Amino acid sequence: MAAIVVIAHQPLASALEQSARHVFSRDPRCSEYRLRALDVEPDADPALLEQRARALLAEADDGRGVLVLTDCLGATPANVAARLAQTGTVEVVAGVNLPMLLRALCYCDCALAELAEKALVGGARGIAPIGPTPPADRQSPVKDNDLARLQDQQ
């Protein structure tokens, strides 16, 4: 099972980890997830962050690779994560959100490159406008139930 490490501005990384564990709390595999979080404090030293991140990767990786999810492209967490990237062993994806993390956990048995792609799709599909819900008797039939499929995958 590939490991997943979230590197984000404090307290986002640990909040995402806790949220994912909450969502999957009834999943018997939850305790097996190789999920770690690294919160980046204000004014953190990037060199020290990189050392901490490498230690987390080494702790989490069982030889099947690590997917690193980070928040803002160009910010310190993403810059540190970029220095960790290694084709085939450490994939890095920016723009982490909860749907992305949940989908990645659902597919953590996939090959690392495929896992990164699944995470990207989950993150993008998790962003959608929500309008008022019509009364039950006025709801239109669903043509393509992507939302239900996504929820099943998460």
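In this account a residue is called buried when its relative accessible area is under 20%, exposed when that area is over 50%, and partly exposed in between, the area being computed with a 1.4 Å probe on protein chains only. The structure is a predicted model, in which local features need pLDDT of at least 70 and side-chain atom pairs count only at pLDDT 80 or more, while totals for chains, interfaces and linings use all residues. Residues are numbered from 1 along each chain as its sequence is written, and side-chain values use heavy atoms, with hydrogens and water left out.

Helices (DSSP runs of H or I with at least four residues) and strands (DSSP runs of E with at least two) are numbered from the N terminus. Helix 1 has twelve residues, and the distance from its first C-alpha to its last is 16 Å, close to the 16 Å expected at 1.5 Å a residue; the expected span of a helix is 1.5 Å times one less than its number of residues. The buried residues of helix 1 are Ala13, Ser14, Leu16, Glu17 and Ala20. They lie on the same side of helix 1, because they cover an arc of only 160° around its axis, where the arc is that of the directions from the helix axis to the C-beta atoms. The exposed residues Gln18 and His22 are carried on the face of helix 1 turned away from its buried side, whereas the buried residues pack against strand 1, strand 2 and helix 4, contact being defined as heavy atoms within 4.5 Å.

Helix 2 was examined in the same manner. Its 15 residues should span 21 Å at 1.5 Å a residue, and the end C-alpha atoms of helix 2 are 21 Å apart, which agrees. Leu49, Glu50, Ala53, Leu56, Leu57 and Ala60 are the buried residues of helix 2, and they are placed on the same side of helix 2 because their arc around the axis is only 125°. Gln51 and Ala58 are exposed on the other side of helix 2, while its buried residues pack against strand 1, strand 2, strand 3, helix 3 and strand 4. The N-terminal end of helix 2 is capped by Asp45, a side-chain oxygen of which lies 2.9 Å from the backbone nitrogen of Ala47.

In helix 3, the buried residues are Pro77, Ala78, Val80, Ala81 and Leu84. Because they cover an arc of only 160° around the axis, these residues are on the same side of helix 3, and they pack against strand 1, strand 2, helix 2, strand 3 and strand 4.

The interior was then described through its nonpolar cores, each a set of buried Ala, Val, Leu, Ile, Met, Phe, Trp, Tyr and Cys residues joined through side-chain atoms within 4.5 Å. The largest nonpolar core has 28 residues, of which Leu67, Leu69 and Leu101 touch the most other members. At least two residues of this core are supplied by each of strand 1 (3-9), helix 1 (12-23), strand 3 (66-70), helix 4 and helix 5 (112-125), and the largest share, five residues, comes from helix 4. A second, separate core of 16 residues includes Leu38, Val40, Leu56 and Val80.Side chains of opposite charge can pair when their charged atoms come close. The structure holds seven salt bridges, a salt bridge being a side-chain nitrogen of Lys or Arg within 4 Å of a carboxyl oxygen of Asp or Glu. In one of them the side chains of Arg29 and Asp109 meet at 2.7 Å, N to O. This pair links distant parts of the chain, 80 residues apart, with Arg29 in the loop between helix 1 and strand 2 (35-40) and Asp109 in the loop between helix 4 and helix 5. Arg29 counts as partly exposed because its relative accessibility is 25%, whereas Asp109, with a relative accessible area of 54%, is exposed. The side chains of Arg83 and Glu50 also meet in a salt bridge, at 2.9 Å, N to O. Arg83 lies in helix 3 (residues 76-84) and Glu50 in helix 2 (residues 46-60), so the pair ties together parts that are 33 residues apart in sequence. At 39% relative accessibility Arg83 counts as partly exposed, while Glu50, at 18%, counts as buried. Glu50, Arg54 and Arg83 are linked in a network of salt bridges.

Conventions:
A polar contact is a pair of N or O atoms within 3.5 Å; within protein, one must be able to donate a hydrogen and the other to accept it, and residues adjacent in sequence count only if both atoms are side-chain atoms.
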